[in-house]
Amino acid sequence: TLSSSSAASDVYKRQCSDFLEAANATAAMFECLGPTVAPMASELQKNTEKLRKAMLLRPGLSIREIIREEASMRGIGRRRAADVAVEGSASLALIWLNRLLRMLLGILARMVEDPHIKLSECIARSYDESLRPYHSLWTQRVILAAAWAAPSRVDFLSRLGSDQLAIEQSIYELLTHLAPALASVGADVASVLGNEKDSDGL
């Protein structure tokens, strides 16, 4: 029914707002990874803010509906990310936010899965799987060099807070709740803009 459809839309919009709020909160973790990786925190916050403004400018629309609108405005059938996700668009902001969060969650997941793996290795592997394919060769070299100069696991966790048990629990909860949300965002991007491989050049 129309009422149930509207209710579902309202729930999804609340989920979008909650997702953006949670994503923005993860910026502090990037800042604790070392001075060269830390600028990713500002990139994450910048893209989160772009999406928040897009939702304010289009009241009543969810993020998924906004990127569908952007795709439609650029012509039927032009659904490659490179055609739709132009500078200043919500689509481009969502793509980069998705990549940044995939890197961060990859780092944390590896730390949880293997208590002995070095943080530097977690960063390097997660970067390879998320951001590296979309960075210039120079940027790749800078980030990977920074990864191997990352703080130790103990130092990283201490930067997040003094109560280590609470920090570890927070990381577990973040993985539990944000990972499914990120998978949903990735599905939204793919359904409107095509697969990740279609975003080459962005």
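Mentor: A crossing of two helices is left-handed if the near helix is turned anticlockwise from the far one by less than a right angle, and right-handed if clockwise. The model discussed here is predicted.

Trainee: Is the crossing of H6 and H10 left-handed or right-handed?
Mentor: Helix H6 spans residues 90-113 and helix H10 spans residues 164-193. Their axes come within 9 Å. With the near helix turned anticlockwise from the far one by less than a right angle, the crossing of H6 and H10 is left-handed.

Trainee: At roughly what angle do the axes of H6 and H10 cross?
Mentor: Two packed helices are described by the angle between their axes and the distance between the axes. The contact between H6 and H10 involves, among others, Leu94, Asn98, Leu101 and Leu105 of H6 and Leu175, Leu178, Leu182 and Gly186 of H10. The axes of these two helices cross at roughly 145 degrees.

Trainee: How many helices are there in the protein?
Mentor: Read along the sequence, the pattern is α-α-α-α-α-α-α-α-α-α. The protein has 0 strands, and its number of helices is 10.

Trainee: What percentage of the 202 residues in the protein is buried?
Mentor: A residue counts as buried if its relative accessible area is under 20%. Of the 202 residues in the protein, the buried ones make up 44%.

Trainee: Which helices do the buried residues of H8 pack against?
Mentor: Helix H8 covers residues 137-147, and its buried residues are Gln140, Ile143, Leu144, Ala146 and Ala147. They lie on the same side of H8 because they cover an arc of only 160 degrees around the axis. The face turned away from that side carries the exposed residues Leu137, Trp138, Arg141 and Ala145. The packing partners of the buried residues are helix H3 (39-57) and helix H7 (119-130).

Trainee: Within what arc do the buried residues of H4 fall, seen down the axis?
Mentor: In helix H4 (residues 63-73), the buried residues are Ile63, Ile66, Ile67, Glu70 and Ala71. They line one face of the helix, since seen down the axis of H4 they fall within an arc of 140 degrees. On the other side of H4, the exposed residues are Ser72 and Met73. The arc of the buried residues is thus 140 degrees.

Trainee: Which residues is Thr48 in contact with, leaving aside its neighbours within four places in sequence?
Mentor: Thr48 is found in helix H3. Its relative accessible area is 1%, so Thr48 is buried. Leaving aside neighbours within four places, the contacts of Thr48 are Leu20, Ala23, Asn24 and Leu97.

Trainee: What distance separates the C-alpha atoms of Ala41 and Leu100?
Mentor: Ala41 lies in helix H3 and is buried, with a relative accessible area of 1%. Not counting residues up to four places away in sequence, Ala41 touches Ala27, Phe30 and Glu31. Ala41 and Leu100 are 59 residues apart along the chain, and the separation of their C-alpha atoms is 8.8 Å.

Trainee: Is Pro35 buried or exposed?
Mentor: Pro35 sits in the loop between helix H2 (27-31) and H3. Its C-alpha is 8.1 Å from that of Ala146, a residue 111 positions away in sequence. Exposed means over 50% relative accessible area. The value for Pro35 is 74%, so this residue is exposed.

Trainee: Over the face of which residue does Arg99 lie at 3.6 Å from the ring centre?
Mentor: A search of the whole structure finds 0 aromatic pairs. Arg99 lies over the face of Trp96, at 4.5 Å from the ring centre. At 3.6 Å from the ring centre, Arg99 lies over the face of Tyr134.

Notes: Residues are numbered from 1 along each chain as its sequence is written. This is a predicted model: local features need pLDDT of at least 70, side-chain atom pairs count only at pLDDT 80 or more; totals for chains, interfaces and linings use all residues. Side-chain values use heavy atoms; hydrogens and water are left out. Rings of Phe, Tyr and Trp (its six-membered ring) pair if their centres lie within 6.5 Å; planes under 30 degrees apart count as stacked, over 60 as edge-to-face and the rest as tilted. A charge sits over a ring if NZ of Lys or CZ of Arg is within 6 Å of the ring centre and within 35 degrees of the ring normal. Buried means under 20% relative accessible area, exposed over 50%, partly exposed in between (1.4 Å probe, protein chains only). Helices (H or I, at least four residues) and strands (E, at least two) are DSSP runs, numbered from the N terminus. The arc is that of the directions from the helix axis to the C-beta atoms. Contact means heavy atoms within 4.5 Å. Axes are lines fitted to C-alpha atoms, for helices over the stretch in contact, and angles run from 0 to 180 degrees between N-to-C directions.
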